[in-house]
Amino acid sequence: MKLKQRVVLLAILLVIFIFTKVFLIDNLDTSAANREDQRAFHRMMASLRVELDPRLDHTLQSPWEIAAQWVVPREVYPEETPELGAVMHAMTTKKIIKADVGYKGTQLKALLILEGGQKVVFKPKRYARDYIVEGEPYAGYDRHNAEVAAFHLDRILGFRRAPLVVGRFVNLRTEIKPVATEQLLGTFLAVGNNTCFYGKCYYCRETEPACADGDIMEGSVTLWLPDVWPLQKHRHPWGRTYREGKLARWEYDESYCDAVKKTSPYDSGPRLLDIIDTAIFDYLIGNADRHHYESFQDDEGASMLILLDNAKSFGNPALDERSILAPLYQCCIIRVSTWNRLSYLKNGVLKSALKTAMSHDPISPVLSDPHLDALDQRLLSILATVKQCTDQFGPDVVLVEDRMTLSHL
C-alpha cells in the first residue's frame, strides 16, 4: 500500500475513532443522567409523606431560619429536607402576632405574621371540596386547597420552585381579631352565626365575604420568601388577554415560539424551559391564570420561574384546557429530566403519589377523587403531546439536556 493511501486510511480510522468515542461518551453521560433521574425519583417517592413534627435536628433552632437558608436561585427548597415537617408544623401552629389585609392583587387573602417574625399569606376556604367551578378556566374565587395540592405536586415533579404551603385552621375571634390592623378589622362582619371578612383587593366586596364555620376558618398558609430575595414580575409570553373577542398572538400564530426565542430572556439560559415546565405544571392542576410570573431580581434570566399563586387551580376536573400547554406544543422542546419524571409518574403513580404526599396535611383530604383522577388523564395528554413533537422533529431536537447545579452553600 502506498504511503499516501496509508495516510488517508489512518485519517479515516482516526475520524471514526473520534466520532465513536464522542458517541460513547454522550451515551454514557445520557445514561448516567437518566440513572440519576431515576434515583432522584425513588428518593422523592421515599420521602413523600411529610409528618408535621415540631422536632428540629438542625443547628439552627428557628424553623424560619432553616427555610430561609434553603432558598437559592434555582430552587426554593432542596431535594432532601428532613426539617420540612418541622417547618410546616410551625406554619400551622405558631401563634399569630399580627394580621393585615393581603398584598395587592385580585383575590381575598390576609397577611399574617407568626411568632418569630415570619410572614405567611393566608387564603380562606371559599368552596367545598366537591364544588365544580363553571365557566372560564380562570373563573371563580381562589381555592385554598389548590395551593396545598400544587405545592406537593411541585415536590413530586422535582421542580422545587413553589413556596411551602400547608393547611391551617384559625379562630377568627380569638387568633385574628385581637391582632388585626384597623384596615383588616374594618372588613369583619357576622353572617348568621358565622364570623366573616372580605379584606381588601380588586375583587373584594362586602357582599362576598369569606365565612368561617362559626369562628373557625379553614385556609392555607404560604411561606413568604426571604426579603433578601426580592422578586421581579414579568409578563408571561403566553398570557391571555382576558378580553372577549381579542386573542393574544400565541392563540392564532403557530410560529409564535420562534418570535419568543428571539427575545430576552428566552433567547438564552433556562427561562424558556422553565416556561415549558410551568405549562406542564399548570395543565396538570388546571391553572389557566398565569398571566404574569415572578423570578428573583437582577437575575438576567438565570434564576427559576417561581411557582407563586396557584389558587386558580382544581376548579373543574372535567375541563382539560389544552391551551395551557401552548408553550410545549408550539416550541416542541422539554427538559430530559422533566420528561423522565413524567414518564415515571404514569400508570396511576401520579395520583397515588399526590394523595400520599397530602395525607398528613391538617385540611386533608385536600382534593376530591375526581381531581386526582384528572391528574392522571392530563398526564397522558402531556406524554402524547411530547410524542407528537418527537415524531415530527426527532427526540434529539425535542429532548433538551439542561441540568443546572443547585448549590446550597
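Predicted model: local features only at pLDDT ≥ 70, side-chain atom pairs only at ≥ 80, totals over all residues.
Trainee: Then where does Pro-265 sit?

Mentor: Pro-265 is found in the loop between α7 (256–260) and α8 (271–285).

Trainee: What is the peptide bond from Ser-264 to Pro-265, cis or trans?

Mentor: The general idea comes before the case. Most peptide bonds are trans, and most residues other than glycine have a negative phi. The bond from Ser-264 to Pro-265 is cis, its omega being near 5 degrees. Ser-364 and Pro-365 are also joined by a cis peptide bond, with omega about 0 degrees. Pro-365 belongs to the loop between α11 (349–358) and α12 (369–393).

Trainee: You mentioned phi. What is the phi of Tyr-242?

Mentor: Tyr-242 has a phi near 60 degrees, which is positive although the residue is not glycine. Tyr-242 is placed in the loop between β9 (231–235) and α7.

Trainee: Next, helix packing. At what angle do α2 and α3 pack?

Mentor: Two packed helices are described by an angle and a distance, both taken between their axes. For α2 (residues 63–70) and α3 (residues 84–93), the angle is about 120 degrees and the axes are 9 Å apart. Angles of 65 to 115 degrees count as roughly perpendicular and those over 145 as roughly antiparallel, so α2 is oblique to α3. Their crossing is left-handed.

Trainee: Which residues make the contact?

Mentor: From α2 come Pro-63, Trp-64, Ala-67 and Trp-70, and from α3 come Leu-84, Ala-86, Val-87, Ala-90 and Met-91. By class, the contact of α2 with α3 has nine nonpolar residues, no polar and no charged ones.

Trainee: Now the whole chain. What domains does the assignment give?

Mentor: The domain assignment gives domain 1 (63–223) and domain 2 (227–400). Their C-alpha centres lie 23 Å apart.

Trainee: How many residues of domain 1 are in contact with domain 2?

Mentor: In domain 1, 49 residues are in contact with 50 residues of domain 2.

Trainee: What area do domain 1 and domain 2 bury between them?

Mentor: An interface's size is often given as the accessible area lost when the parts come together. Between domain 1 and domain 2, about 3,900 Å² is buried, and 65% of it is on carbon and sulfur atoms. Of the area that domain 1 buries against domain 2, 18% is supplied by Tyr-138, Ile-156 and Arg-161, more than by any other three residues.

Note on methods. Residues numbered from 1 in each chain as written. Heavy atoms only, no water. Axes fitted to C-alpha atoms, helices over the stretch in contact; angles between N-to-C directions. Helix = DSSP H or I, 4+ residues; strand = E, 2+ residues; numbered from the N terminus. Parallel < 35°, antiparallel > 145°, perpendicular 65-115°, else oblique. Left-handed = near helix turned anticlockwise from the far one by under 90°. Contact = heavy atoms within 4.5 Å. Nonpolar A, V, L, I, M, F, W, Y, C, P; charged D, E, K, R; others polar. Domains from an automatic or database assignment. Buried area = accessible area lost by both parts, 1.4 Å probe.
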